[in-house]
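Look at the chain below before reading on.

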Amino acid sequence: MDALWDLENKMKLSTRGAILLLACASFAVFCVCAVIMLIKLIACNNNNKIVHEESASHENVSEMMKTTTTTKTTIRWTESHCGWVSVKRVLMGSMLWSRASKLEENMSIVWRQRQRLRGSPLLGLESGWQSNNSASAVWQRPILKGEKCELPSFSGLILYDEKGKLLHDSHEIIQELLEMTSYTPKNILITGAAGFIASHVANRLIRSYPDYKIVVLDKLDYCSNLKNLLPSKSCPNFKFVKGDIGSADLVNYLLITESIDTIMHFAAQTHVDNSFGNSFEFTKNNIYGTHVLLEACKVTGQIRRFIHVSTDEVYGETEEDAVVGNHEASQLLPTNPYSATKAGAEMLVMAYGRSYGLPVITTRGNNVYGPNQFPEKLIPKFILLAMQGKNLPIHGDGSNVRSYLYCEDVAEAFEVVLHKGEVGHVYNIGTKKERRVIDVAKDICKLFSVDPDTSIKLVENRPFNDQRYFLDDQKLKNLGWSERTTWEEGLKKTMEWYTKNPDWWGDVSGALLPHPRMLMMPGGMGGSEGEKPSSVGSSNTKMVVPSPKSSTTPQKHGFKFLIYGRTGWLGGLLGKLCEKQGISYEYGKGRLEDRSSLVADIQNVKPTHVFNAAGLTGRPNVDWCESHKTETIRVNVAGTLTLADICREQGLLMMNFATGCIFEYDAGHPLGSGVGFKEEDKPNFIGSFYSKTKAMVEELLREYDNVCTLRVRMPISSDLSNPRNFITKISRYNKVVNIPNSMTILDELLPISIEMAKRNLRGIWNFTNPGVVSHNEILEMYRDYIDPKYTWSNFTLEEQAKVIVAPRSNNEMDASKLKKEFPELLSVKESLIKYVFEPNKK
Ligand SMILES: O=c1ccn([C@@H]2O[C@H](COP(=O)(O)OP(=O)(O)O[C@H]3O[C@H](CO)[C@@H](O)[C@H](O)[C@H]3O)[C@@H](O)[C@H]2O)c(=O)[nH]1
C-alpha cells in the first residue's frame with residue numbers, strides 16, 4: 001500500500017513537474033515566436049537589410065554586404081572557371097537554394113528548365129535575375145569570368161563554384177571581387193548608324209565620350225548614307241563596318257573581336273509607306289535581324305546592355321479624344337505591317353531578357369525630324385518639294401496628328417537611357433506637343449514663303465494611316481531628360497540644313513512621290529501605280545478625299561519584269577525562266593535607241609524591273625561589229641544608255657547584261673595566277689570594236705545608281721544545239737586555242753540574275769562562275785560525256801589571229817563578290833558538269 005502511495009505521490013510529483021515543464025516550454029515557444037515576429041517586423045521595415053547565413057563564409061559575405069545595402073553592388077568573378085551567383089530574397093522564410101544554371105565551355109548561358117515568372121514585383125527581375133518560380137527565395141544569374149554583375153540592393157549574396165559547391169574561402173575572394181561601381185559602357189555597337197536617328201546618337205556619343213569605342217554596323221541601305229557619320233570620320237574611337245545585322249557570322253565576329261559590351265539597335269526598315277508594299281523585307285530586317293543580334297548576345301555572353309529601339313507605333317492608334325497618353329505598360333496593338341514587325345521584335349527582346357537574363361532596355365519613340373533624314377519622311381520630303389517649287393501631297397485630309405521631336409533631343413534621350421536606364425524597362429521617348437500633318441505643311445510653306453492654298457494638294461490616303469500616337473513621356477523625364485528644341489527652332493534648323501545640302505541624298509525623285517514604295521520597287525525609286533515623278537507638284541495631282549473604304553483596299557504586290565532582247569539568246573531564256581518561276585513579264589516592243597518607244601513600253605507594262613538583254617554581238621561573231629561600227633554604237637552605246645536613263649527617271653532598277661570581254665590577262669593578272677579582275681578594275685582590252693563600245697558603256701553606266709551591270713563571259717548553257725553556246729561554237733571549229741578563261745554557266749547564273757533583281761542589287765558584278773576552265777578541258781568533258789569519238793586540234797593565238805578579224809580577250813574574272821552574295825555558287829567546272837554535261841550525258 002505504502003509502495004502504492006509512494007508511487008501515487010511520485011506520479012503526482014511527476015505530473016506537476018510535467019505541467020511545470022510544459023508551462024516553461026510554452027513560455028519559451030511564446031518568447032521565440034515573439035522574437036521571430038519582432039525580427040520579421042524589423043525586417044519588414046528594412047527591406048534593404050541583409051540576410052545572415054550560418055556558415056562562416058556567408059557571414060563574411062554578409063558583413064561586407066551590410067555596408068552596401070542601399071546602393072547597387074557589383075561583383076566580378078575572377079576565378080579561373082566560370083561561376084554563378086545566387087541572391088537570397090529577404091523576408092521569405094525558405095532556404096531553398098536553387099541549383100544554378102551551368103555555363104558551358106563555349107561560354108553560352110544555359111538555364112535549366114524553369115517555370116516562367118509571372119510579373120513578380122521583385123526588383124531582381126530588373127537586372128536579369130531569375131528564380132525557380134515566383135515563390136522562391138532564391139534569385140540567381142550566371143556570371144562569366146571577368147564579368148561585372150550588379151546585385152539587387154536588397155539581397156544577400158552566396159557564391160558557389162560552377163559545380164554548385166559553396167565557396168569557403170569567400171572572404172578573400174569577395175574582398176577582391178566586390179566593387180561599388182555602376183555600369184559604364186566601354187565598347188558600343190550601334191546598328192544602323194549611317195541612318196538618321198542613329199547617326200545623331202553615334203556622332204554625339206563619339207564626340208562626348210572619347211573613352212567609349214563606338215562600332216557602327218550598317219548595310220548602307222537606300223536610306224542610309226556614310227556622310228551622316230562625317231563628323232566622326234576621323235575620331236579614334238569610331239569604327240565603321242558595312243554589313244547586315246542578318247548575318248550571324250558577322251555579328252558574332254564583331255561582338256567578340258570588338259569586345260562589345262553594349263548594343264544600341266537602331267537598324268530597321270522604318271518607312272510605313274514601304275511596308276504596304278514588300279513587307280517581307282520588314283520581317284526580315286526588323287524581326288529576323290533583331291533575332292540574330294539577340295542570339296549573338298546569348299552565344300557570346302558578354303553583353304551588359306542591349307538597347308532596343310522601337311516606336312510609338314507599336315501601341316497602335318490613339319483615340320482622338322484621349323487625354324492620357326500610352327504609358328510603357330500599355331497594350332501593343334500595331335496596325336500596319338511596319339509597326340507589327342517592330343512589335344514582334346520587341347517580343348523577342350523581352351523573351352531574351354526573361355529566358356537568358358540578357359540585360360535589355362526598350363525605347364518607343366515619337367516621330368523624329370532634323371538633318372540627315374532620308375526624304376521619304378514628311379518633313380524633309382516637304383522641305384525638298386517646297387525647295388523645288390513643287391506641290392506638297394497630303395495623304396487624306398491632313399488631319400492626322402504626329403508628335404515631333406528634334407533629332408538632337410532624341411540623341412540626348414538615348415544618351416540618358418544608355419547611362420541611367422533600368423534593365424528590363426521600357427522608355428517612351430515622346431513629346432506632348434502634337435501637330436496635324438496639314439499644319440506641318442503650312443509651317444513649311446510659311447518658311448518658304450509659298451501660298452499653302454496652291455501648294456498643298458490632298459492625295460489618296462495610305463492604306464491605313466494611324467490618326468494619332470500619343471505618349472506618356474513621364475518615365476524618361478524622371479531620368480532627367482527633357483525636350484530642349486522648340487518646333488519653330490527645330491524646323492528652321494532643318495530647313496536651313498536641307499537648303500545647304502540639297503544633294504545630300506542624290507536623286508530622290510522616287511522618294512518624293514506621294515506614296516513611295518522604295519522596297520516594293522526594287523529599283524528603290526518606284527512609286528505606286530499611276531504615280532510618276534513628274535506628277536508630283538503638277539497641277540494634275542489627283543485629289544482624293546479619303547473614304548474609309550478605300551483606306552483598306554489592299555495594294556497590288558508582286559514583280560513584273562520588262563525584258564529587252566526577245567529574239568536574243570539570253571532574253572529568250574529569261575522569259576522562260578519567268579514562266580517557270582511564275583513571274584509576270586513582258587518583252588519590250590520599243591527599240592533601245594528610240595526613247596519615246598521605251599517610255600511607252602514602261603507606261604504600258606508598269607514593270608517593277610527592267611532587264612536589258614538586248615545588244616549587238618554580231619553574226620556569226622563579233623567580227624561583224626568591226627564593219628558595222630555605227631550600228632554597234634547605236635544599239636550598244638546609245639540604246640543601253642537611253643534605257644538606263646529612262647529607268648532612272650522612272651525610278652526603276654535596270655538589270656543590264658554586259659560583258660567581261662573587256663579584260664585581258666596582264667602583268668597584274670597573269671594567266672594561271674588565280675588573280676582575277678575585280679569589279680572595280682578598269683577595262684584593259686579594247687582590241688575589238690565590240691569590246692571597245694562595251695567598255696565605254698560600262699564606264700558611263702557607273703554614274704547610274706539604278707543599274708546592275710552583270711559582266712557575262714563566254715556564256716554556256718545546257719542547250720548544246722544553240723549556235724551561241726560557247727561549247728557548240730568551239731566544238732564546231734576546226735582548230736581551237738587552249739587558254740583558261742572565266743565563263744558564265746547560264747543554267748546556274750540566269751536564275752541568280754532574277755534573284756539579284758529581287759534583292760535590289762546594283763553596281764557592277766562579275767557574272768561568272770568562280771575559277772577558270774580551258775578550251776581543252778571543256779572539249780575533254782564534251783568527249784567524255786557526249787561524243788567519245790570527238791577529236792580536235794589546237795592552234796596558237798598567233799595562228800588564230802590569221803583567221804579572225806578582231807583580237808579576242810582571254811581573262812580570269814574574280815567572282816568572289818558574287819560568291820559572297822550567293823555562297824552556293826558552283827565553280828565553273830562543277831557547274832559545267834552539273835548543269836551542262838550530266839543532263840546531256842549520252
Ligand atoms: O507625302 C506625305 C508623306 C507623309 N504624309 C503623312 O505624314 C504623316 C507622317 O508620315 P511619315 O513621315 O512617313 O512618318 P510616320 O508614318 O508617322 O512614321 C514615322 O514615325 C514613326 C514614329 O511614330 C516611326 O516609327 C517611323 O519609322 C517613321 O517613319 C503620316 O500621317 C503620313 O500619312 C503625308 O501626308 N504626305
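Ser259 sits in the loop between helix H5 (248–257) and strand E13 (262–265). Helices (H or I, at least four residues) and strands (E, at least two) are DSSP runs, numbered from the N terminus. This is a predicted model, in which local features need pLDDT of at least 70 and side-chain atom pairs count only at pLDDT 80 or more, while totals for chains, interfaces and linings use all residues. Residues are numbered from 1 along each chain as its sequence is written, and side-chain values use heavy atoms, with hydrogens and water left out.

Ser259 has a phi near 45°, a positive value in a residue other than glycine. With a relative accessible area of 42%, Ser259 is partly exposed. Buried means under 20% relative accessible area, exposed means over 50%, and partly exposed is in between (1.4 Å probe, protein chains only).

Asn372 also has a positive phi, of about 80°, although it is not a glycine. Asn372 is in the loop between E16 and H9. Is Asn372 buried or exposed? Its relative accessibility is 7%, so Asn372 counts as buried.

Now take the chain as a whole. It has 25 helices and 29 strands. Of its 842 residues, 54% are buried. Contact means heavy atoms within 4.5 Å. Among the contacts in the chain with a separation of 6 or more, 79% are between residues 24 or more positions apart.

Two helix pairs come next. The axes of H5 and helix H7 (residues 280–300) come within 9 Å and cross at roughly 45°. Axes are lines fitted to C-alpha atoms, for helices over the stretch in contact, and angles run from 0 to 180 degrees between N-to-C directions. H5 and H7 are therefore oblique to each other. Angles under 35 degrees count as roughly parallel, over 145 as roughly antiparallel, 65 to 115 as roughly perpendicular and the rest as oblique. The crossing of H5 and H7 is right-handed. A crossing is right-handed if the near helix is turned clockwise from the far one by less than a right angle, and left-handed if anticlockwise. On the H5 side, the contact is made by Ala248, Val251, Asn252, Leu255 and Ile256; on the H7 side, by Val292, Leu293, Ala296, Cys297 and Thr300.

Helix H15 (residues 569–581) packs against helix H21 (residues 746–758) at an angle of about 70°, with the axes 10 Å apart. H15 is therefore roughly perpendicular to H21. The residues in contact include Trp569, Leu570 and Leu573 of H15 and Leu746, Leu750 and Pro751 of H21. The crossing of H15 and H21 is right-handed.

The next topic is aromatic rings. A pair of aromatic rings is described by the distance of the centres and the angle of the planes. Rings of Phe, Tyr and Trp (its six-membered ring) pair if their centres lie within 6.5 Å; planes under 30 degrees apart count as stacked, over 60 as edge-to-face and the rest as tilted. By this rule there are 20 aromatic pairs. One of them is the edge-to-face pair of Tyr222 and Phe374, at 5.2 Å centre to centre and 85° between the planes. This pair links distant parts of the chain, 152 residues apart: Tyr222 is in the loop between strand E11 (213–218) and strand E12 (238–242), and Phe374 is in the loop between strand E16 (367–369) and helix H9 (378–387). Both Tyr222 and Phe374 are buried.

Tyr404 and Trp487 form a tilted pair, at 5.9 Å centre to centre and 40° between the planes. Tyr404 lies in strand E18 (residues 401–406) and Trp487 in helix H14 (residues 487–500), so the pair ties together parts that are 83 residues apart in sequence. Tyr404 is buried at a relative accessible area of 9%, and Trp487 is buried at 7%. Ring pairs link Tyr369, Tyr404, Tyr406 and Trp487 into a cluster.

Rings can also have a charge over them. A charge sits over a ring if NZ of Lys or CZ of Arg is within 6 Å of the ring centre and within 35 degrees of the ring normal. The charged end of Arg468 sits over the ring of Phe470, 4.4 Å from its centre. Lys817 lies over the face of Trp765, at 4.2 Å from the ring centre.
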